[in-house]
Amino acid sequence: MKRLCYFLTALVVLASCGPSYEEQKRQVRKQRLQMLREDSAALKVAVMPTLDCLPLFVAKAENLFGKNGADVRLKMFTAQMDCDTAVVGGSVEGVVSDLVRTERMVKLGTQLDYVTATDAYWQLYTGRMARITKLPQLDDRMVAMTRYSVTDMLADAVVDSAKLKQERLFKIQVNDVGIRLSMLLGGEIEAALLTEPQASVARQAGHKRLMDSRKWDIQMGVIAFRHAAMQDSTRQRQLAAFTKGYNQACDSLNRYGVERYRDLLLKYCKIKNEQADSLLLATKFKPARPPREADVERARSWISKQ
């Protein structure tokens, strides 16, 4: 009985030595505020589970941003419109996007600065069971895309190329790139506009490719930052470090190949290991450079007609 009393007394003493419940709550609040301050000070970039974001994933994994003096935080989204909401609302400073979306944001009042074009491209795939082998056969069919994006613009370009009536190609808005791919793979949609690595997954599954934006000399991928958010000297130093880290990541990808970073593809792009086997192992990533003026004008022209 004495032993039990000693044991209970020891527990009471130990408990009294620890922080009180109120003290624990105070510490949690303090830690939360510290994390919020650090996140606010960091350079935040909205990214997607797509191949054009791979240099950012590599730079983050290899701490290239940190080595160059910047705390860069990647905020993952699966729909481009959610990226737009984040950059317009100010919860991120930068965004990986396409010129159609960014030029529309500019037109609606959000001034953006282009840090670099990206190597993104888009392809049109039709479902295996749809038996569509030529663009004119898309007459009275459905294609999955995102409204007011490069995929929307490319769907219109397909209509013109195939000499279809505009109302005869039904553009179905599917914003989430993973859901868009799943709908094509599952036969729920007859066609879909995809970028990488989703396009390679569709190809490996036996679906038919009918269009490639590279063959039409359309280069719409960009990384942009809100002009208003990047005016002070601290942000400008962060942006310089971001650009340097991005270029170093591109150099590493070009030297060692995409295959070296397979784990990052699996982690961020949510593809299976076997789907990464033949994923564009010869892909090259260009260092930071401005988007081509012809592509900017192409995006602006299309937007003005909407």
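Two bridges join strand β6 (residues 141–145) to strand β8, and the two strands run parallel. Strands pair here if DSSP finds at least two bridges between them. Helices (H or I, at least four residues) and strands (E, at least two) are DSSP runs, numbered from the N terminus.

A quick word on what you're looking at. This is a predicted model, so to speak of a local feature takes a pLDDT of at least 70 and side-chain atom pairs count only at pLDDT 80 or more, while totals for chains, interfaces and linings use all residues. Residues are numbered from 1 along each chain as its sequence is written, and side-chain values use heavy atoms, with hydrogens and water left out.

**Strand β8 and its neighbours**

Let's stay with β8, which covers residues 191–195. In β8, Ala191 is the bridge partner of Val143. Strand β5 (residues 122–126) also pairs with β8, in the antiparallel sense and over five bridges. Across that pairing, Trp122 stands opposite Thr195.

How many of the five residues of β8 are buried? Five of its five are, where buried means under 20% relative accessible area, exposed over 50%, and partly exposed in between (1.4 Å probe, protein chains only). The cover comes on both faces: Ala191, Leu193 and Thr195 are buried on one side, and Ala192 and Leu194 on the other.

Pro197 has its place in the loop between β8 and α9 (198–204).

**An enclosed space**

On a 1 Å grid over the protein atoms alone, a cavity is a set of points where a 1.4 Å probe fits but cannot get out, and lining residues have an atom within 4 Å of a point. Grid points are joined across faces, edges and corners, and a volume is the space filled by probe spheres set on the points.

By this rule there is one cavity of 30 Å³ or more, and about 230 Å³ of space lies in the largest cavity. Its lining is made of 22 residues, with Met48, Gln80, Trp122, Val177 and Thr195 nearest the centre. Which elements give two or more residues to that lining? They are β3 (94–98), α7 (150–161), α8 (177–185) and β8.

**Rings that meet**

Next, the aromatic side chains. Rings of Phe, Tyr and Trp (its six-membered ring) pair if their centres lie within 6.5 Å; planes under 30 degrees apart count as stacked, over 60 as edge-to-face and the rest as tilted. The whole structure holds three aromatic pairs.

In one of them, the ring centres of Phe65 and Phe242 are 5.3 Å apart and the planes lie at 10°, so this pair is stacked. Phe65 belongs to helix α4 (residues 64–67) and Phe242 to helix α10 (residues 233–256), so the pair ties together parts 177 residues apart in sequence.

Phe242 also meets Phe225: their centres are 5.3 Å apart and their planes at 75°, so that pair is edge-to-face. Here the link runs between strand β10 (residues 221–226), which holds Phe225, and helix α10, which holds Phe242, 17 residues apart. Taken together, ring pairs link Phe65, Phe225 and Phe242 into a cluster.

A charge sits over a ring if NZ of Lys or CZ of Arg is within 6 Å of the ring centre and within 35 degrees of the ring normal. The charged end of Arg214 sits over the ring of Tyr121, 3.6 Å from its centre, and Arg260 lies over the face of Tyr256, at 3.9 Å from the ring centre.

A disulfide is a pair of cysteine sulfur atoms within 2.5 Å, and the structure has zero of them. Take Cys83: the closest cysteine sulfur, in Cys53, is 7.7 Å away, too far for a bond.

Most residues other than glycine have a negative phi. Asp140, in the loop between β5 and β6, has a positive phi near 65°. Asp217, in the loop between β9 (208–212) and β10, has a positive phi of about 55°.

Here's how some of these residues, along with Cys250, compare in accessibility.

| Residue | Relative accessible area | Class |
|---|---|---|
| Phe65 | 2% | buried |
| Phe225 | 1% | buried |
| Phe242 | 0% | buried |
| Cys83 | 0% | buried |
| Cys250 | 0% | buried |
| Asp140 | 40% | partly exposed |
| Asp217 | 42% | partly exposed |

Methods: 1 Å grid on protein atoms, 1.4 Å probe; cavity = no way out; pocket = protein on both sides within 12 Å on 5 of 7 lines; lining within 4 Å.
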